[in-house]
Amino acid sequence: MQKEQRNLLCKLPQVDEILRNATVQQVLANHPRRLVKETVRELLNDLRERIRQGWVTAETDLSIEKIVSVLPGRVQSKVLPNLCKVVNATGVVLHTNLGRAVLSVGAREAIKDIASGYCNLEFDLGSGARGSRYAHVVDLLKFLTGAEDVLVVNNNAAGVLLALSALASGREVIVSRGQLVEIGGSFRVPEIMSQSGAQLVEVGSTNRTYLSDYEAAISENTALLLKVHTSNYRIQGFTCETTLEELVTLGKKRRLLVMEDMGSGCLVNLKSLGIGEEPTVSSAVKAGADVVCFSGDKLLGGPQAGIIVGRQEVLKLMKEHPLNRAVRVGKLTIGALEATLKSYIDPEIALREIPTLRMLTISPEELEERSEKLRGLLQAVLGNEIQVTVRKDLSEAGGGSLPTVQIPTYAVAIQGLKRGAGEWAACLRGGDPAILVRVHDGKLLMDVRTILPEETALIVKAFQKCKQKILSEL
Ligand SMILES: *Cc1c(COP(=O)(O)O)cnc(C)c1O
């Protein structure tokens, strides 16, 4: 280290000296001493690092006043919630990084209600005896899927792990090579398989797997035929996939269980609404699968959960497996899930009440109208030198749902922004609430499909703020 840097490091004040400063005293009046002290240490560490890297010179102001000028903000950001609401203007309806499904009003109310007091989670109010936490959703899910029995766990990954552990540990599971899915976040079918103790037997090729491939791979050690929905990719062209019905017929003949990991698990027929080719859960149950599992927070539009439906005697093995306790769901999830599922009793109501379904099915006319409205408001804020236009675009379902399906939409495009679209996107992201947009070809794009009606005013305000901020820096 150079002499100048050593000198600078020696010049830095001590923590205790800083704590006596008036600004710091004010912060100490409102916040715990340990938190403030810790933050002061962080500030000093940052400075030391900057000195070592040569960013600080003899001319830099190293007064206590200067050092602590950022302290109030830093302490404040530590006590404010870090997990917070954002506005999603990307058009990706189920954005895993943005928390996937937006919950329905009913689900939100259920969470609030249940969180604020005791509840009958595992208590049967009729008999006054102990009850089951799953009881609140079992009948609903049976009604909606046609299945014999139901189990709910933390997420679908846990559901698959539990099913494989309970049904196939130490034995073989046959899967097509075209379905060795990676969902992201290291959820890969082969790895889940080895974690469960089941042995993966791959059959067929990437693009074509025939029933005869499964049949030839069956041994006395086979426990399960597994079909995995290729939820986030499609194999197109010269392809052949064995249907669930065919697997069920084979399973019956050879006395093997058949399971489908559906991934998204749709309860309404989106295909009939012109969106994608997603099979419904009830179609998989009807086809005769012993076990079907899917996510609660993908196309279903509910809370994070893994839903397992199927034959009673098979689900019994899962319920009794020790892992079930490790992946069980909490009361808030059950409450939100119950409310979400109630909307599905009438599919028409589900399309209105479940935000995920509503967003996916908004009419082009409404999207255009909303875009025009937002366009007008933003044009007024940004002034006439900036081009704010409405243009046709494509939305994605996202969240490992409906891959390759791009839904026509309308987006507001902003062009000619001073300092560039990237800088504006960063400014909007830094606001409260953060607004997430797309940047493409130097344009800032906002897809109104995922913007909730009440968020329009927030977006307009954010643009006003960023205009002030960015123009003041010019
Ligand atoms: C999304 C998905 C999972 C994982 O579901 P989570 O609820 O995110 O745990 C598992 N399998 C498939 C096929 C999926 O699409």
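**View A. Shell around the ligand, by residue class.** In this predicted model, the shell around the ligand has 4 nonpolar, 6 polar and 3 charged residues. Ala, Val, Leu, Ile, Met, Phe, Trp, Tyr, Cys and Pro count as nonpolar, Asp, Glu, Lys and Arg as charged, and the others, Gly among them, as polar. The ligand is surrounded by 13 residues, and the closest are Ala157, Ser231, Asp261, Ser295 and Lys298. A residue is near a molecule if one of its heavy atoms lies within 4 Å of it.

Residues are numbered from 1 along each chain as its sequence is written, and side-chain values use heavy atoms, with hydrogens and water left out. Because the model is predicted, local features need pLDDT of at least 70 and side-chain atom pairs count only at pLDDT 80 or more, while totals for chains, interfaces and linings use all residues.

View B. An N or O atom in the side chain of Lys298 is 2.7 Å from an oxygen atom of the ligand. For Arg100, a polar side-chain atom lies 2.9 Å from a ligand oxygen atom. Asn156 places a backbone N or O atom 3.0 Å from an oxygen atom of the ligand. A polar contact here is a pair of N or O atoms within 3.5 Å. The ligand taken alone exposes 380 Å², and the protein buries 95% of that; accessible areas come from the Shrake-Rupley method with a 1.4 Å probe. Helix H9 (156-168) and strand S10 (257-263) are the elements that give two or more residues to the shell. Helices (H or I, at least four residues) and strands (E, at least two) are DSSP runs, numbered from the N terminus.

**View C. Backbone at Arg100.** Arg100 is not a glycine, yet has a positive phi of about 55°. Its place is the loop between strand S1 (86-88) and helix H7 (105-115).

**View D. Packing of H9 and H10.** H9 and helix H10 (residues 189-196) pack at an angle of about 45°, their axes 8 Å apart. H9 is therefore oblique to H10; angles under 35 degrees count as roughly parallel, over 145 as roughly antiparallel, 65 to 115 as roughly perpendicular and the rest as oblique. Axes are lines fitted to C-alpha atoms over the stretch in contact, and angles run from 0 to 180 degrees between N-to-C directions.

**View E. Cis peptide bond.** The peptide bond from Asp432 to Pro433 is cis, with omega near 0°. Pro433 lies in the loop between helix H20 (420-429) and strand S15 (434-436).

How values were computed:
A polar contact is a pair of N or O atoms within 3.5 Å; within protein, one must be able to donate a hydrogen and the other to accept it, and residues adjacent in sequence count only if both atoms are side-chain atoms.
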